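Please look over the protein shown here. The report below covers its core, its fold, a hairpin and its salt bridges.

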Amino acid sequence: PKVRNGIYDWFAHKLMKYENLISLRYNVVTVVINGEDKGVYILEEFFDKKLIEDNQHRDGLILKPLHPLKIYTEKKLLLDPFTKYSVHLIKQLFMSFRQGTLHPKQLFDYDKMSRFLAIIKLTGGEHALMIHNIRFYFNPITARLEPIGREFSIKANIDINIFHHKLYKRFMDDPEFVKLYVQELYRLSKPKYLDIFFSEYELALQKPERILQRRQP
């Protein structure tokens, strides 16, 4: 079942890539250790500089919206004067956002967030929105946060209302964002859109499907 969830993640990330959103690279692999077959595993890309470069973005901070804010490789970033400034800046901005003094549009890329949430709704991947799953990239060019989704797998015990958390509720309290979100839902849910997407990725999808079918027919 975990491998099937991994296939689901693989599909969701292909859709993210298709929509020009930051996506992790996934591979379905057969693992053999010392001649012993361990079965099929999902290989997931880590959150680092290579991830950002692969998505054609300039090197920037990757963070986890916990309290306090978790910034990847923060100790290393603090050693460089330029990145040190970025670390302090994003912490101040996020604190202001949490306190309600900074409008979400001043911190988040609305176009990409609306697309991301529409993909979540389209695929039923609300699990990706849990705070310990979601990541953000701080774009040094736009000075805005962009979503990095992971763990899209459907979980029965997850509240399907993706806006119950105050982080996402702030978006839905803004009519401007809601308008963008509804427009994206309408666009992504058109049968023609999905037909084009599947025709483009059909061959890529066949490889992990064949590996999985051999193990779990």
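## Around Leu 145

This is a predicted model. In it, Leu 145 touches Leu 63, Ile 90, Phe 94, Leu 107, Phe 108, Asp 109, Phe 136, Tyr 137 and Phe 138, leaving aside residues up to four places away in sequence.

Leu 145 belongs to the largest nonpolar core, which has 55 residues. Leu 145, Ile 90, Leu 107, Phe 108, Phe 116, Leu 117 and Tyr 168 touch the most other members. Helix H5 (residues 110-123) gives the most to this core: seven residues.

## Overall build

The protein has eight helices and six strands. From the N terminus on, the order is α-β-β-α-β-β-α-α-α-β-β-α-α-α. The C-alpha trace spans about 55 × 45 × 35 Å along its principal axes.

Buried residues make up 45% of the 217. The protein exposes about 12400 Å², and carbon and sulfur atoms supply 56% of that area. Among contacts between residues at least 6 apart in sequence, 65% join residues at least 24 apart.

## The S1-S2 hairpin

Strand S1 (residues 26-33) and strand S2 (residues 36-44) run antiparallel, joined by eight bridges. They form a hairpin with two residues between them. Ile 33 stands opposite Glu 36 in S2. In the turn, Asn 34 has a positive phi of about 55°.

## Salt bridges

The count comes to 13 salt bridges. One of them pairs Arg 150 with Glu 44, with the closest N and O atoms 3.4 Å apart. This pair links distant parts of the chain, 106 residues apart: Arg 150 is in the loop between strand S6 (144-148) and helix H6 (166-172), and Glu 44 is in strand S2. Arg 150 counts as buried because its relative accessibility is 13%, under the 20% cut-off. Glu 44, at 29%, is partly exposed.

Lys 121 and Glu 126 meet at 3.6 Å, N to O. Glu 184 and Arg 187 meet at 2.6 Å, N to O. Both lie in helix H7 (residues 175-188), three residues apart, about one turn of the helix.

Notes: Residues are numbered from 1 along each chain as its sequence is written. This is a predicted model: local features need pLDDT of at least 70, side-chain atom pairs count only at pLDDT 80 or more; totals for chains, interfaces and linings use all residues. Side-chain values use heavy atoms; hydrogens and water are left out. Two strands pair if DSSP finds at least two bridges between them. Helices (H or I, at least four residues) and strands (E, at least two) are DSSP runs, numbered from the N terminus. A nonpolar core is a set of buried Ala, Val, Leu, Ile, Met, Phe, Trp, Tyr and Cys residues joined through side-chain atoms within 4.5 Å. Buried means under 20% relative accessible area, exposed over 50%, partly exposed in between (1.4 Å probe, protein chains only). Contact means heavy atoms within 4.5 Å. Accessible areas come from the Shrake-Rupley method with a 1.4 Å probe; for residues, only the protein chains shown count as cover. A salt bridge is a side-chain nitrogen of Lys or Arg within 4 Å of a carboxyl oxygen of Asp or Glu.
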